[in-house]
Each structure stands twice: as C-alpha cells, then as structure tokens.
Amino acid sequence: VDAPHHAVRSSASLPLWTFQFPTMLMNVLRAVGAAGAVGGAVALAATTTECAAGASPPIYLGRWFDGWAKGRTSFHKKDVHPTLLKYSDKILPADAVLVPLCGKTVDLGWLAAQPGTDVVIGTEAVEQAMVQLQEDPGNVLGFQKIPKGDAVRPPRFTGWAGGVMKTGSTSVGRVVVLEGDHLVLDSVDLPAFKSSAEMPQVSAVWDRASLVAMRPQDRQRYVEVYDRVVAPNGKILLVALSYDQTAATGPPWAVPEADVHALFSSPTWTVEKLDKNPTEVGKFKNVEVHEEVYLITKQGSK
C-alpha cells in the first residue's frame, strides 16, 4: 500500500540512493581529480548491485523501446535546448527539478549545474537510453545503476545516479534517473533533497518532449502525475507542438493551446503562454509545425 502523500518518510523507507549519494559523488570527484573537469570522461567500475528485472513494460511503451533499439532517436538534441536557456529563469532556482521522459538529454547535466539546484530527477522507461547516457563523457559524471531501495517498500523504478560540477563552484549537483513507467510516478518514488522534510515534491519541471510523446488517451494520467509530485507554487516549463492533425499524426503528437488549457483546467493550475515559433519535425514533410512554450504554475502554499 502506498504511503499517503502527506506522510513523513522515515529513514528506513528512503531509497538507498538518498544515503549513497555523498560517498558516490565524492568518489566521482576523486576520479576526476579536478573540480573543473566537467567535460572529461570518467570511468568508474560498476560496484553496485544489479537490479532484478521488473514487470514487463506497458504495451504503449513498446514503440519507444523499439525506437531506441533501432537508433530512431532524432528527438535527441546534442546541445542544451534553446528554450530552456531562454526561459530557465521562469523555473529556476529550484532545489529539485523533474525532467520527464528524459532519454539521454544533456539538459539533465545543465540543470544540475545551476546554482540552487540540489537534484535533477529524470524519468525514462528505456534502459538503452540510460546506457547511452552512461557512455557520454560530457554529460553526467559517474552515471551508473544503483541498487533498488529497501525491502520495506520496494520502489517501482530502477535508480541511476551521477553528478555534475556546479557552475563556478566546487560543489556537486546530483542527477537521479528513475527507469520505469512515468505514469505511475508518485512522490514516494522521489529521492530526498534539501527541502524535502516531508514526502518530496519537485518545485520545477522541464517538459520538452514528454507531453507530446504521450498518446492522447494517456494525457490525463500524465497530468495526474504532476498533481502528485509537483509542490504547491511549483512551475512547469512546457514545450508543446501544434500542427494540422489531418496532415500528420504523432508521435510527437500535436497538443494545441486549447488542449493545454483543458488538461490543466483544474483551479490547481494556471497556464501562461510564453512563446510560439515555427519549428521542424523530421518525420513531417511539408507540414507547418509550431513550437509553443507555456509556464504552468501549481497554486497553493506549503
């Protein structure tokens, strides 16, 4: 039985990576040998216990497993997304940032390096994406699979973790990626961070290619995840796509402005449109596509 959202977690029920992080990241720093070697390759032996195989992934995730296996990852960007660079001040500083369906994005490391960020939490269903992130020498240092949590409440995700050097500092920003089905994510699954005295909730979300990857019939469950894991006054920086849905079909799916407002129509949320720009989607030939940027804020006070 899941713990209620307001319950305080005892140390006995915290995921193991909560405690393993300081030692692990100090080992990373010693391996790097210099605080400024953010871009250098770090080869660490995998000393952690391999996670036991979990249940089969939901059927709707099958196309993503197939896509990663066949190298169909044109959605991956080699550089930090320009929209994040332009509008990061809308969601940062934030002690905990969620990046759903993160793949191997370099945005993870960039966010973790920002002042005030204690941990960046990604979710990703495909292990191959985590392996490729592990092999990338210029993103997250010492990235590796870590044991599942405790026997009291086995988590529904496999944990991967690493770190980055903070910009202009010798301190470390943490990166945790939870491998599993994002649609079941709850606050009990999140790692602890500096301000998480109670059940952790994130104060910021960077959603660049996540909502548009969800089938229309899964979008309501997707928003319910945000209801559970985003803290009051937390902010979501959302990038959606709009295009003629009679001329092309997703994924990436069109999520026009009316649909964004409908999904976040609860009084819990406010939606502000920040930008709209033409963009290109490789699989859509001769289709006009626009990238639309929203700031979505959860109301209430802690």
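I paired rings of Phe, Tyr and Trp (its six-membered ring) if their centres lie within 6.5 Å, and I called planes under 30 degrees apart stacked, over 60 edge-to-face and the rest tilted. This is a predicted model, for which local features need pLDDT of at least 70 and side-chain atom pairs count only at pLDDT 80 or more, while totals for chains, interfaces and linings use all residues. Residues are numbered from 1 along each chain as its sequence is written, and side-chain values use heavy atoms, leaving out hydrogens and water.

Entry on rings. I found five aromatic pairs in the structure. In one of them the rings of Tyr243 and Phe284 have centres 4.8 Å apart and planes at 55 degrees, so I noted the pair as tilted. I then looked up burial (buried means under 20% relative accessible area, exposed over 50%, partly exposed in between, with a 1.4 Å probe and protein chains only), and found Tyr243 and Phe284 buried. The rings of Phe264 and Trp269, with centres 5.4 Å apart and planes at 80 degrees, form an edge-to-face pair, and both residues are buried. Ring pairs also link Tyr222, Tyr226, Phe264 and Trp269 into a cluster.

Entry on cores. I took a nonpolar core as a set of buried Ala, Val, Leu, Ile, Met, Phe, Trp, Tyr and Cys residues joined through side-chain atoms within 4.5 Å. The largest has 43 residues, of which Tyr226, Val260, Phe264 and Ile296 touch the most other members. A second, separate core of 29 residues includes Val99, Val120, Phe143 and Ala204.
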